[in-house]
Amino acid sequence: MSENNLVDKSMEGLNQSVTVEKKNVLENFKVFLSSWRFKVAAVIGVLMMLMLFIFYWQHLIAVMGMNMWVNHANAKAIDCMVKDTNDDEYISCTAMMDDQVIPLECGTSILNIGCRVNYGNASPSFKGLGVKGSR
């Protein structure tokens with residue numbers, strides 16, 4: 001046999017083994033997707049994502065409202081609390097305006113997106129500024 005025939009035959013065998021390996025990987029993947037373990041893991045994953053979304057829903061709405069207030073008042077957003085602790089449908093948020101920290105109360109309902117200044121916690125120098133759109 002010539003060298004070319006030997007190389008061709010060894011390449012043929014190599015190509016067949018690569019094709020067989022690809023088919024095995026694809027078949028193994030299909031078997032994994034149809035297994036009960038994958039289905040249980042997928043259901044648990046979806047439930048955990050749903051629970052996290054529900055937990056952070058109030059925070060997400062409050063942050064949207066704070067960002068709208070900050071854009072309107074030419075301030076800088078700081079952050080919001082995660083949950084409404086006193087069930088008044090507002091979350092405490094803070095913003096920075098003119099080197100002062102502004103305490104805000106931002107709505108947690110999709111029907112009440114926005115913020116108001118919490119004058120009870122505002123610094124005395126801020127109470128007289130009359131910020132537009134605060135109430």
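Predicted model: local features only at pLDDT ≥ 70, side-chain atom pairs only at ≥ 80, totals over all residues.

Reader: How many residues does the largest nonpolar core have, and which have the most contacts inside it?

Author: The largest nonpolar core has 16 residues. Met 66, Trp 69, Cys 93, Leu 104 and Cys 106 have the most contacts inside this core. The elements that give two or more residues to the core are α2 (36-73), β2 (90-97), β3 (100-107) and β4 (115-117), and α2 gives the most, with five residues. The term denotes a set of buried Ala, Val, Leu, Ile, Met, Phe, Trp, Tyr and Cys residues joined through side-chain atoms within 4.5 Å. In soluble globular proteins, nonpolar side chains tend to be buried together.

Reader: Why is Cys 93 called buried?

Author: Buried means under 20% relative accessible area, exposed means over 50%, and partly exposed lies in between (1.4 Å probe, protein chains only). Cys 93 has a relative accessible area of 2%, and therefore counts as buried. Cys 80, at 8% relative accessibility, counts as buried because of the same cut-off. Of the 135 residues in the protein, buried residues make up 23%.

Reader: Which residues does Cys 93 touch, not counting those up to four places away in sequence?

Author: Cys 93 touches Ala 62, Met 66, Asp 79, Cys 80, Ile 102, Pro 103, Leu 104 and Cys 106. Contact means heavy atoms within 4.5 Å.

Reader: What makes Cys 80 and Cys 93 a disulfide?

Author: A disulfide is a pair of cysteine sulfur atoms within 2.5 Å. The sulfur atoms of Cys 80 and Cys 93 are 2.0 Å apart, so the pair meets this definition. Cys 80 lies in strand β1 (residues 76-80) and Cys 93 in strand β2, so the pair ties together parts that are 13 residues apart in sequence. The torsion about their S-S bond is about 105°, and the disulfide is therefore right-handed.

Reader: How many disulfides does the structure hold?

Author: The structure holds two disulfides. Cys 106 and Cys 115 form a disulfide with sulfur atoms 1.8 Å apart, and both of these cysteines are buried. With bonded cysteines counted along the chain, the pattern is 1-2, 3-4.

Reader: Where does α2 bend, and by how much?

Author: α2 bends by about 50° at Tyr 56. The bend at a residue is the angle between axes fitted to the seven residues ending there and the seven starting there. The buried residues of α2, including His 59, Trp 69 and Ala 73, pack against β1, β2, β3 and β4.

Reader: What makes a run of residues a helix or a strand, and how many of each are there?

Author: Helices (H or I, at least four residues) and strands (E, at least two) are DSSP runs, numbered from the N terminus. The protein has three helices and four strands, in the order α-α-β-β-β-β-α along the sequence.

Methods. Residues numbered from 1 in each chain as written. Heavy atoms only, no water.
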